[in-house]
Amino acid sequence: MWPRIGELRALALGTPGELRETLNTLVLAGVKTATAGRLAEYAEEGEELEHVGERLALVDDDNALAGVVEITGVEIVRFADVPWDFARAEGEGDRSIEEWRAGHSAYWARLGTPVDGDTPIVCLRLRLVSGGEGGVASGDLGT
């Protein structure tokens, strides 16, 4: 199971360290409004898919609350079918869908979970509810 903060499931982006810090910064700046994961991760971790309207606790390397996001869209697509508008919404600077696919394929391969064109990918759209300089109000922790 993924960690919880209050009643919220944690959203730990990327891998700990510089990557997570960068991705969190993009979310907190409102630049990153989407993220992708392998569908198989959910079964491996015993987790259900997120749903539209669900709020998640964006966490740092110490599983401390960095912000709160709300899910605005959930779609499962083949890796080869992830659309460019989604990849662009990830806000990571990719200049084409091919560049996005190459980067994400390399990332998952480094984790020991390689993907191919048929791998089911969970495409999450999100919006920042609270976080960043203003901090997180305790009222934002409830669902």
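Author: Helices (H or I, at least four residues) and strands (E, at least two) are DSSP runs, numbered from the N terminus. Just after helix H1, glycine 30 takes a positive phi of about 80°. This is a predicted model, in which local features need pLDDT of at least 70 and side-chain atom pairs count only at pLDDT 80 or more, while totals for chains, interfaces and linings use all residues. Residues are numbered from 1 along each chain as its sequence is written, and side-chain values use heavy atoms, with hydrogens and water left out.

Reader: What makes residues of H1 buried or exposed?

Author: Buried means under 20% relative accessible area, exposed over 50%, and partly exposed in between (1.4 Å probe, protein chains only). In H1 (residues 18-28), Arg20, Leu23, Asn24, Leu26 and Val27 are buried. They cover an arc of only 160° around the axis, by the directions from the helix axis to the C-beta atoms, which puts them on the same side of H1. On the other side, Glu18 and Glu21 are exposed.

Reader: What covers the buried residues of H1?

Author: With contact meaning heavy atoms within 4.5 Å, the cover includes strand S4 (55-59), strand S5 (65-78) and strand S6 (120-131).

Reader: Why are S1 and S3 called edge strands?

Author: Two strands pair if DSSP finds at least two bridges between them. The six strands form an open sheet of mixed pairing in the order S1-S2-S4-S5-S6-S3, and S1 (4-5) and S3 (34-38) each pair on one side only, as edge strands. S5 and S6, by contrast, pair in the antiparallel sense over 11 bridges.
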